[in-house]
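User: Got a model open here. Can you walk me through how its helices and strands pack?

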Amino acid sequence: MFKKILIANRGEIALRVIRTCREMGIKTVAVYSTVDADSLHVKFADEAVCIGPAPSNQSYLKMANIIAAAEITNADAIHPGYGFLSENAKFSKICQEHGIKFIGASPEMIDKMGDKATAKATMKAAGVPCVPGSEGILDSYEDAVKVAAEIGYPVMMKATAGGGGKGMRAIWKEEELEKAWESARMEAAAAFGNDGMYMEKLIEEPRHIEIQVVGDSFGKACHLSERDCSVQRRHQKLTEETPSPFMTDELRHKMGEAAVKAAEYIQYEGAGTVEFLVDKHRNFYFMEMNTRIQVEHPITEQVIDYDLIREQILVAAGVPISGKNYLPQLHSIECRINAEDPYNDFRPSPGKITVLHAPGGHGVRLDTHVYAGYTIPSNYDSMIAKLITTAQTREEAISKMKRALDEFVIEGIKTTIPFHRQLMDEPDYVAGNYTTKFMESFKMKEPKN
Ligand code: MV4
């Protein structure tokens with residue numbers, strides 16, 4: 001087993017990893033930028049190394065500084081968390097070359113799943129359902145016209161290097177195709193330096209349902225059921241839940257089997273997520289595979305009583321998985337609390353937290369690195385806490401969430417707490433009747449003081 005793990009991340013996820021390491025008797029090294037010196041992850045780790053100034057590209061993304069921090073502290077593994085270097089093939093390779101275990105995917109796996117057209121072709125070969133569309137990258141505009149005519153409008157054009165909706169266009173008729181082709185390729189070239197495009201049939205009003213998987217170094221994989229992440233705004237998830245209110249036992253079985261098949265086909269090692277689009281007829285299609293621990297992993301942990309970070313560490317150390325699949329025993333919901341103003345187009349609201357009262361009690365979990373007196377830097381992601389409630393039923397989990405949101409007091413900055421409070425009373429949300437289009441028609445009500 002590892003003796004010392006360096007956590008190449010900040011905020012709540014760094015703290016989350018440190019907690020499990022302590023429980024496993026593994027020493028921890030935190031890294032931090034100058035503006036994060038007062039963050040809880042720095043205080044809770046056994047050792048801490050400053051790796052640079054505030055901008056990510058000079059600290060949390062600076063591979064040489066992180067490797068140097070691992071070498072001077074004698075860390076034998078690096079946990080990358082999510083974001084930053086967690087899906088960076090070069091970093092995974094550099095760790096390998098330095099004899100440091102990267103607790104994440106191999107460079108080859110990251111490359112294969114990071115290129116969306118390659119990932120889709122791989123999944124198709126594995127027998128995982130995929131959206132009908134082009135065979136890989138479109139050669140030319142003429143090719144795009146031809147493929148679109150074959151599969152029939154509406155279609156979706158996607159950047160192979162894509163993510164977060166960049167370089168993606170829905171096209172409803174041939175007249176729109178040329179403009180979309182040009183603008184999507186320009187956007188992809190600027191964002192990723194890669195303008196490769198592929199095409200799919202458009203799935204209208206889909207749900208985003210993902211399956212958590214864990215694979216071991218012996219080629220065996222299992223699934224831990226689903227998370228419904230359909231409540232998103234501009235490709236940012238706002239809340240997630242498990243089980244999905246749209247799920248049936250039969251669909252869970254089929255999607256779980258498909259995800260395990262996907263993971264075993266590529267000999268996936270570690271924790272991963274297979275994302276699917278699910279249409280109104282409950283057809284499901286492979287969308288992407290994430291080769292990292294995800295923000296919303298705690299809801300899965302809550303409903304099946306399983307520590308995903310511990311499992312990542314065990315698998316990385318060569319321990320085999322049990323091989324069985326896991327079904328949800330409870331219902332869990334996560335609300336992402338962001339330092340943003342929901343009354344002002346979710347505009348970031350960094351600054352000093354003057355007053356903080358954290359909710360607690362039965363079935364309430366709060367994953368956060370912030371505290372009263374803490375200043376949220378403007379350099380990073382605006383998520384400051386994840387509030388997770390767990391109960392026997394969805395209704396009870398919602399009641400608990402409302403109660404916990406009411407208890408949660410944060411002063412000095414604006415947060416998304418009022419948004420979640422309203423969401424938990426929204427009839428369509430309460431009925432479990434939502435798709436990825438849900439937020440397009442959502443409006444904040446005037447605050448009642
Ligand atoms: C789609 C789709 C509809 N049809 N593909 C968005 C992010 C990117 N990774 C894939 N995405 C989509 N792909 C087809 N063929 C709709 C989306 C999509 C979406 C998916 C999941 C969650 C939120 C979304 C919001 C808008 C569009």
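User: Which residues of α5 meet α6?
Analyst: Lys112, Met113 and Gly114 in α5 meet Lys116, Thr118, Ala119, Thr122 and Met123 in α6. Contact means heavy atoms within 4.5 Å. This is a predicted model: local features need pLDDT of at least 70, side-chain atom pairs count only at pLDDT 80 or more, and totals for chains, interfaces and linings use all residues. Residues are numbered from 1 along each chain as its sequence is written, and side-chain values use heavy atoms, with hydrogens and water left out.

User: At what angle do α5 and α6 pack?
Analyst: About 95 degrees, with the axes 5 Å apart. Axes are lines fitted to C-alpha atoms, for helices over the stretch in contact, and angles run from 0 to 180 degrees between N-to-C directions. Helices (H or I, at least four residues) and strands (E, at least two) are DSSP runs, numbered from the N terminus.

User: Now the sheet. What is the strand order?
Analyst: β13-β12-β9-β10-β11-β14-β21-β19, an open sheet of 8 strands with antiparallel pairing. Two strands pair if DSSP finds at least two bridges between them.

User: Which strands stand at the edges?
Analyst: β13 (284-290) and β19 (364-368), each with a single partner strand. The twist averages 25 degrees from one strand to the next.

User: How many bridges between β14 and β21?
Analyst: 8, in the antiparallel sense. Serine 332 stands opposite threonine 390 in β21.

User: Which strands does α10 lie across?
Analyst: β9, β10, β11, β14, β19 and β21. Helix α10 (residues 297-304) runs at about 155 degrees to β14.
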